[in-house]
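This briefing sets out selected features of one protein chain. Please read it alongside the sequence and the structure shown below.

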Amino acid sequence: MKFLPTIPSRFTHPLKLGLRSLAAHRLRTLLTMLGIVLGVASVIVMLAVGEAARYQALKQLEDLGATTILLRSVKPTDEPTQRQGVDLLAYGLTFRDLERIRATVPTVTAATPMREYRKTVRNLDKKMEVRVIGVTPDFLRQHNIRLTAGRGIEGGDDESFAPVAVLGSAAAETLFPTQDPIGRAVTLESQDRSRAFTVIGIAAPKTLAAAGADSGDADFNKVMFIPFQTDRVRLGVELMTMKAGSFSVEKLEISQVTVRVGDVADVPRTAKALQSLLDQFHPRKDVTLSVPLDLLRKAEETQRLFTLILGSIAGISLLVGGIGIVNIMLATVTERTREIGIRRALGARQRDIASQFLAEAVLLSGCGGIVGVALGIGLAFVVSGVIGLPTIIRLWSPLLAVGVALVVGLISGVLPARRAARLDPVEALRHV
């Protein structure tokens with residue numbers, strides 16, 4: 001029974017001696033801890049930024065879908081043709097392309113078209129240029145666009161060519177600053193004639209960063225969604241613009257087709273099949289193909305490189321802190337040579353001396369790690385709030401940082417502890 005109380009004292013006694021020694025030289029202790037503090041804070045901030053970037057990448061993958069392939073129409077560089085004195089430029093995806101995709105590529109489970117262009121929308125004296133997007137009923141659901149009021153576009157709207165619209169949040173606030181938009185009409189201005197649409201829903205604020213380079217800033221706030229068939233039948237596939245007194249017409253049937261594949265493993269070969277199909281009927285390269293899964297994998301690779309760089313910087317800071325601990329502990333051994341000799345003369349063993357110096361090194365790194373975690377969490381909030389860079393701190397990241405700091409302290413204390421333990425007691429007592 002007497003043996004049990006001696007177990008904790010074997011660990012607590014060196015810690016108490018270490019605390020006394022560190023407290024006796026407060027300024028030196030603080031300066032020695034500084035390297036560990038900065039290193040741990042760097043680790044916390046690096047992990048917070050990296051975790052936020054990873055979360056955003058996964059969120060985008062969830063929005064677009066891992067089994068999604070995007071086909072987009074792009075304006076070619078060739079000259080438009082003349083039709084009755086009017087410049088006509090026909091390009092991009094067509095309804096025939098959509099039929100071919102659905103009929104000839106067996107791994108495709110769904111192909112959803114949409115068309116977009118910029119037009120001015122007006123409500124009385126309020127007007128705004130928005131992205132008009134003709135969509136199918138499942139478009140909002142596929143892109144995780146929620147509604148804050150009203151309803152979305154339904155199958156009946158598309159089948160009956162209904163003149164209804166869902167406004168983005170910014171468009172609704174601009175056109176109806178003091179009114180409820182639901183049930184009210186907005187006017188879509190066009191070169192030939194204006195058309196009225198009834199607002200049936202308001203979309204929640206959203207930005208889809210990976211929607212494609214040709215979609216502008218991919219802002220789903222300054223937008224007006226209308227049924228795809230309504231857009232095709234009531235507005236037509238030809239977009240007329242007037243510049244410097246001359247008319248030009250662009251014929252664009254489909255701006256984008258979102259292709260969905262049944263299995264992630266089928267995405268690469270489906271993309272190759274689609275690219276081959278498009279090359280046959282679009283020699284002008286007026287259609288581009290992108291795989292969000294590939295884009296996000298590249299983004300993850302870039303993020304891993306970024307995390308590696310930040311981790312290297314944090315590792316260097318911890319290494320510098322560890323070297324500082326070794327340096328100061330070696331100096332402490334020299335300063336306390338006579339104290340070591342007295343303790344050896346009083347019966348202290350080599351392992352008692354070594355454990356004391358190891359305890360001091362671990363205390364230095366441990367306290368530095370705790371202070372570094374607090375500083376790192378504070379800096380993460382500063383980075384998120386002031387700079388605007390998103391950060392996410394997981395529970396395991398402070399634990400990992402403190403654990404690494406303790407390991408660095410333990411390794412850094414081995415050399416000074418060995419040197420202190422091997423001092424000759426007689427020579428130590430002679431030291432002045």
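**Helix α3 and its surroundings**

The buried residues of α3 pack against β1 (68-73), β4 (108-123), β13 (256-261) and α8 (267-281). The model is predicted.

- In helix α3 (residues 95-104), the buried residues are Asp97, Leu98, Arg100 and Ile101. These residues lie on the same side of α3, because the arc they cover around the axis is only 165 degrees.
- Arg96, Arg102 and Ala103 are exposed on the other side of α3.
- Arginine 100 and aspartate 97 are about one helical turn apart, because they are three residues apart in helix α3.
- Arginine 100 has a relative accessible area of 18% and is therefore buried, the cut-off being under 20%. Aspartate 97 is likewise counted as buried, at 6% relative accessibility.

**Other salt bridges**

- Across the whole structure, a search finds 10 salt bridges.
- One of them joins the side chains of glutamate 189 and arginine 122, at 2.8 Å from N to O. This pair links distant parts of the chain, 67 residues apart: glutamate 189 is in the loop between β8 (185-188) and β9 (195-203), whereas arginine 122 is in strand β4.
- Both partners count as partly exposed, glutamate 189 at 26% relative accessibility and arginine 122 at 29%.
- A further salt bridge is formed by the side chains of arginine 269 and aspartate 266, at 3.3 Å from N to O. Arginine 269 counts as exposed, with 51% relative accessibility.

**Helix α11 and the nonpolar patch**

- A nonpolar patch on the surface is formed by Leu34, Leu38, Leu375 and Leu379, which together have about 320 Å² of accessible area.
- Helices α2 (26-64) and α11 (350-387) each contribute at least two residues to the nonpolar patch.
- Leucine 379, located in helix α11, is partly exposed at a relative accessible area of 37%.
- Glycine 366 is also found in helix α11, but counts as buried at 10% relative accessibility.
- Glycine 366 and leucine 406 are 40 residues apart in sequence, while their C-alpha atoms are 5.4 Å apart in space.

Note on methods: Residues numbered from 1 in each chain as written. Predicted model: local features only at pLDDT ≥ 70, side-chain atom pairs only at ≥ 80, totals over all residues. Heavy atoms only, no water. Patch = residues over 30% accessible without salt bridge, like charges linked within 9 Å, V, L, I, M, F, W, Y side chains within 5 Å. Areas by Shrake-Rupley, 256 points an atom, 1.4 Å probe, with all protein chains shown as cover. Salt bridge = Lys/Arg side-chain N within 4 Å of Asp/Glu carboxyl O. Helix = DSSP H or I, 4+ residues; strand = E, 2+ residues; numbered from the N terminus. Buried < 20%, exposed > 50% of the residue type's maximum accessible area, 1.4 Å probe, protein only. Arc of directions from axis to C-beta. Contact = heavy atoms within 4.5 Å.
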